[in-house]
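Subject: Structure handover

Hello,

Here is the structure I said I would pass on. My notes on what was found in it follow below.

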Amino acid sequence: MSLLEVRNVSFAYDRDPVLKDVSFDVDQNTMMSILGPNGVGKTTLLKCLCNLHRPDTGQILLDGKDILGMSPRDIARAVAYVPQKAAVSKTTVFDSILIGRKPHMSLGMADEDLEKTWRIIEDLELEEIYLKNVDEISGGQFQMVQIARAIVQEPKLLILDEPSNNLDISNQHIMLRMIEKAVRGRGLCTIMTMHDINLAAYYSDKFLFVKQGSVHSYGGRETITSENIKSVYGIDVDVIEHKGLTTVIPLKD
């Protein structure tokens, strides 16, 4: 049994279909990228996976349990979601990350909560800024703080909406390497929406191509083909293998 099983999920905004009969499975310790142009339902799918949107039809099973029937506290223990944009507050980096332990607190904060918070700060190399307020740090650092808070929740499923958005190429790789290290070490199932297919190919194990709200193709690197990309994005590309890596090269007219 896969850790996450999505079965025939459909969703509409005011009778306007966004997701149509979406199905896929993801195993533990897997990084999966959802790919497709803007407006095809990628973020909507993420919100369905963590019950921020309730599907009109279908099932979402996490470790065999129906997410749609779980309490908010149980969902917070099992699923962590990092949106593209989050509100900035006056709290310190340390306290902002510590908030991620809240679903596990019963009678207040324990030493274990502090220890796990400091561990993720070290894993994501945030030691130099942990006493700064989050409104004093860079956009990339703020994004890392949101991801740290999600990981310290100790979820089974980590959901990231465009984690590398608005970062330069160097910081994109720094961030994704840190995410990969943190999630692999904890055996999480991680699902990300991505715009850059090459970044997705470098860091992900599985790829879900979405076209007009439906699953166009799903699988490993064998799904990254010029035919699939042409069908989903409407552009001509070459797909090459170089030093064991899959690389997509757009073609000029």
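A negative surface patch is made up of Glu122, Glu125, Glu127 and Glu128. Patches consist of residues with over 30% relative accessible area and no salt bridge, with like charges joined within 9 Å and nonpolar side chains (Val, Leu, Ile, Met, Phe, Trp, Tyr) within 5 Å. Asp and Glu count as negative and Lys and Arg as positive, while His and the chain ends are not counted. A charge is placed at NZ of Lys, CZ of Arg, CG of Asp or CD of Glu. Accessible areas come from the Shrake-Rupley method with a 1.4 Å probe, and for residues only the protein chains shown count as cover.

Please note that this is a predicted model, in which local features need pLDDT of at least 70 and side-chain atom pairs count only at pLDDT 80 or more, whereas totals for chains, interfaces and linings use all residues. Residues are numbered from 1 along each chain as its sequence is written, and side-chain values use heavy atoms, with hydrogens and water left out.

Helices (H or I, at least four residues) and strands (E, at least two) are DSSP runs, numbered from the N terminus. Glutamate 128 has 79% relative accessibility and so counts as exposed; the classes are buried under 20% relative accessible area, exposed over 50%, and partly exposed in between (1.4 Å probe, protein chains only).

Next, the aromatic rings. The whole structure contains five aromatic pairs. Rings of Phe, Tyr and Trp (its six-membered ring) pair if their centres lie within 6.5 Å; planes under 30 degrees apart are stacked, over 60 edge-to-face and the rest tilted. One of the pairs is phenylalanine 94 with tyrosine 130, which is edge-to-face because the ring centres are 6.3 Å apart and the planes stand at 70 degrees. This pair links distant parts of the chain, with phenylalanine 94 in helix α3 (residues 93-98) and tyrosine 130 in the loop between α4 and α5, 36 residues apart. Phenylalanine 94 is buried at 16%, while tyrosine 130 is partly exposed at 28% relative accessibility.

Tyrosine 130 also forms an edge-to-face pair with tryptophan 118, at 4.9 Å centre to centre and 75 degrees between the planes. Tryptophan 118 belongs to helix α4, 12 residues from tyrosine 130, and is partly exposed at 29% relative accessibility.

Last, the charged pairs. There are 13 salt bridges in the structure, each being a side-chain nitrogen of Lys or Arg within 4 Å of a carboxyl oxygen of Asp or Glu. Arginine 101 bridges to glutamate 154, with 3.1 Å between the closest N and O atoms. Arginine 101 is in the loop between α3 and α4 and glutamate 154 in the loop between α5 and β7 (157-161), 53 residues apart. Arginine 101 is buried at 2% relative accessibility, whereas glutamate 154 is partly exposed at 37%.

Which residue of helix α4 does glutamate 154 pair with? The partner is lysine 116 in helix α4, 38 residues away, and their closest N and O atoms are 2.8 Å apart. Arg101, Glu112, Asp113, Lys116 and Glu154 are linked in a network of salt bridges.

Regards
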